[in-house]
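Here is a short report on one protein. Look at the sequence and the fold, then read on.

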Amino acid sequence: MSDGLFLAGRFRRLVATVIDAILVPAVTVVMVMIAGVVEHAEDYTDNWWMLWVFLLAIVSYLLLNGYGLWRRGQTLGKQVMGVAIVPATSGGDGQYGRTPAPLWKLICVRALFFPLLFVSVVPWIAALPIIDQLLIFMKNRRCLHDLVSGTVVVRLVPQ
């Protein structure tokens, strides 16, 4: 068996995304309730509550996934599904290394696409997450956020 890793399957990636898409908002809702951001009707009179919810969503994402992304290149969903994010450098043989992608790329570039999954009310913005996810059907199985951040998702083979 080779020491390299191979591209993760589309189904594993989809399930990992669904897991993360459930966990992150759930923790965000709990944090919003604890922080009391929108407890009263007056809280909705200005738009500051949206900024607070957005910031709490970032905090919940980092609480759930920050350490795993930093150490293993995995969100909780990816860890459950046995896949990881690594740099998209290959020797041409379809194998990839075991080193996680740099944290700044995972947080500052790649993670910017995650909130787009929830933005479906603005038609021209709604097309971006659809395009992002549809690109997984290319031969290299890389979504738009993989291409932009220079990463690829690989299947971890138990040692």
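## Overall plan

Which pattern does the protein follow, read along the sequence? The pattern is β-α-α-α-β-α-α-α-β. In total there are 6 helices and 3 strands. Helices here are DSSP runs of H or I with at least four residues, strands are DSSP runs of E with at least two, and both are numbered from the N terminus.

This is a predicted model, in which local features need pLDDT of at least 70, side-chain atom pairs count only at pLDDT 80 or more, and totals for chains, interfaces and linings use all residues. Residues are numbered from 1 along each chain as its sequence is written, and side-chain values use heavy atoms, with hydrogens and water left out.

The protein has 159 residues, and 33% of them count as buried. Buried means under 20% relative accessible area, exposed means over 50%, and partly exposed lies in between (1.4 Å probe, protein chains only). The accessible surface comes to about 9,500 Å². Carbon and sulfur atoms own 70% of that surface. Such areas come from the Shrake-Rupley method with a 1.4 Å probe, and for residues only the protein chains shown count as cover.

Now take contacts, meaning heavy atoms within 4.5 Å. Consider those between residues at least 6 apart in sequence. Of these, 66% join residues at least 24 apart.

## The sheet

What is the strand order in the open sheet? The order is S1-S3-S2, with antiparallel pairing. Strands S1 (6–7) and S2 (83–87) stand at the edges with a single partner strand each, so one side of each has no neighbour in the sheet. Two strands pair if DSSP finds at least two bridges between them. Strands of a sheet pair through backbone hydrogen bonds, either parallel or antiparallel.

S2 and S3 (residues 151–155) are joined by 5 bridges. Valine 83 has arginine 155 as its bridge partner. Valine 86 is partnered by valine 152, and proline 87 stands opposite threonine 151. S1 and S3 pair over 2 bridges. There, phenylalanine 6 stands opposite arginine 155. S2 is largely enclosed by the rest of the structure, because 4 of its 5 residues are buried. S3 is also largely enclosed, because 4 of its 5 residues are buried.

## Helix H1 and its partners

Helix H1 covers residues 10–35, which makes 26 residues. From first C-alpha to last, H1 reaches 37 Å. That is close to the 38 Å expected at 1.5 Å a residue. The expected span is 1.5 Å times one less than the number of residues. Glycine 36 follows H1, and its phi is positive, near 65°.

Which residues of H1 are buried? They are Arg13, Ala16, Thr17, Asp20, Val24, Thr28, Met31 and Val32. These buried residues pack against H2, helix H3 (76–81), H6 and S3. An α-helix has 3.6 residues a turn, so residues three or four places apart point the same way.

Glycine 77 sits in H3. Is glycine 77 buried or exposed? Glycine 77 counts as buried because its relative accessibility is 0%. Leaving aside neighbours within four places in sequence, glycine 77 contacts Ala16, Ile19 and Asp20. The C-alpha atoms of glycine 77 and alanine 16 are separated by 4.0 Å, although the two residues are 61 apart along the chain.

## Around helix H6

Aspartate 146 lies in helix H6 (residues 144–149). Aspartate 146 is buried, at 0% relative accessibility. Not counting residues up to four places away in sequence, aspartate 146 touches Arg13, Arg110, Arg141, Thr151 and Val153.

Arginine 141 is in the loop between helix H5 (123–134) and H6. At 25% relative accessibility, arginine 141 counts as partly exposed. Its phi is near 55°, a positive value in a residue other than glycine. Most residues other than glycine have a negative phi.

## A nonpolar patch

Trp48, Leu51, Trp52, Phe54, Leu55, Ile58 and Leu62 make a nonpolar surface patch of about 700 Å². Patches are made of residues with over 30% relative accessible area and no salt bridge; like charges are joined within 9 Å, and nonpolar side chains (Val, Leu, Ile, Met, Phe, Trp, Tyr) within 5 Å. A salt bridge is a side-chain nitrogen of Lys or Arg within 4 Å of a carboxyl oxygen of Asp or Glu.

Phenylalanine 54 belongs to helix H2 (residues 48–72). Phenylalanine 54 is partly exposed, with a relative accessible area of 43%.
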